[in-house]
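Please open the model in your viewer and keep the selection panel at hand.

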Amino acid sequence: MKLRVKDLCKSFGSPPTDVIRDVSFEVGGGEFMSLTGKSGSGKSTLLYMISTLDHPTSGSVEIDGVDVTKLTQKELHRFRNRHMGFIFQFHYLLPEFTVLENVLMPAVKAREEAQRIGRARDLIAQFDLSEKLNHLPGQLSGGQQQRVAIARALLMEPDFVFADEPTGALDSVNGKIVMDIFERISKEKTTVIYVTHDSEFAEKARRKIRLKDGRIVR
Ligand SMILES: Nc1ncnc2c1ncn2[C@@H]1O[C@H](COP(=O)(O)OP(=O)(O)OP(=O)(O)O)[C@@H](O)[C@H]1O
Ligand SMILES: [Mg+2]
């Protein structure tokens, strides 16, 4: 699947301040892409727009030829659940559900629990969490929680994974584990786009976008 961003702009407030200015690029097919820039340069705003979580002020976001800015909320929910995985600095796991239940959540929404339970267990095993299957998130370390969030993001075999500072709350060992997982899944044809402040992690990407004042500078 190809993601095509064209002349994307976002402004906030009145009088409007431009936060993203004329951003265009194309990405897809297992790309491994970092988004960097100073605090306030517009990284999160751009990531939310290209991942359909936020609306642009102008410009378009096309995925496989479909202008996703034109989809209804219901269509968007379905589209995201099928094609996109999300990972944030803080994981947003559901505290009262077990590891397995959290990982399975997207399948429950899609009414595909039975078909996906095997994959859920596989992912949990791959991320070295099999012993924690029936634990609650609060009983896990930060790195373990983030791996649960990644397993959940990958459950539906998404075409895209969007991550905003996924290693921001982790120590360097766990940060590296997360980056290695990302690199591996991008080789399995999932496009991974991640925001990071860590220059070493940013360099691991095969493609790098750097923002300055809402524009691409590299
Ligand atoms: N909902 C909003 N309303 C008004 N201004 C906003 C809103 N969201 C973001 N901004 C502004 O847009 C600019 C870019 O914000 P954004 O969160 O995209 O930056 P960022 O590059 O992700 O920064 P950080 O590295 O600190 O996370 C900032 O100046 C911010 O204050
Ligand atoms: Mg941000």
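Predicted model: local features only at pLDDT ≥ 70, side-chain atom pairs only at ≥ 80, totals over all residues.

Residues are numbered from 1 along each chain as its sequence is written, while chains are lettered from A and ligands numbered from 1 in the order in which they are written.

Helices (H or I, at least four residues) and strands (E, at least two) are DSSP runs, numbered from the N terminus. Two strands pair if DSSP finds at least two bridges between them. Select the open sheet of four strands, whose order is 2-1-4-5 with antiparallel pairing. Strand 2 (17-28) and strand 5 (66-67) each have a single partner strand, so one side of each lacks a neighbour in the sheet. Next, display strand 1 (residues 2-12), which pairs with strand 2 in the antiparallel sense over eight bridges; Phe 12 stands opposite Thr 17 in strand 2.

**The ligand shell**

Select ligand 1 and the residues near it (C-beta atom, placed from the backbone, within 6 Å). The surrounding residues include Phe 12, Val 19, Gly 42, Lys 43, Ser 44 and Thr 45. Helix 1 supplies the largest share of this shell, three residues. By class, the shell has two nonpolar, eight polar and one charged residues; Ala, Val, Leu, Ile, Met, Phe, Trp, Tyr, Cys and Pro count as nonpolar, Asp, Glu, Lys and Arg as charged, and the others, Gly among them, as polar.

Move to the open sheet of six strands, with the order 6-7-8-3-9-10 and mixed pairing. Its edge strands are strand 6 (84-87) and strand 10 (215-216), each pairing on one side only. Within this sheet, strand 3 (residues 32-36) and strand 9 (residues 207-212) pair in the parallel sense over four bridges, and Ser 34 stands opposite Lys 208 in strand 9.

**The helix pair**

Finally, select helix 3 (residues 99-109) and helix 4 (residues 113-126), which pack at an angle of about 140° with their axes 9 Å apart. Axes are lines fitted to C-alpha atoms, for helices over the stretch in contact, and angles run from 0 to 180 degrees between N-to-C directions.
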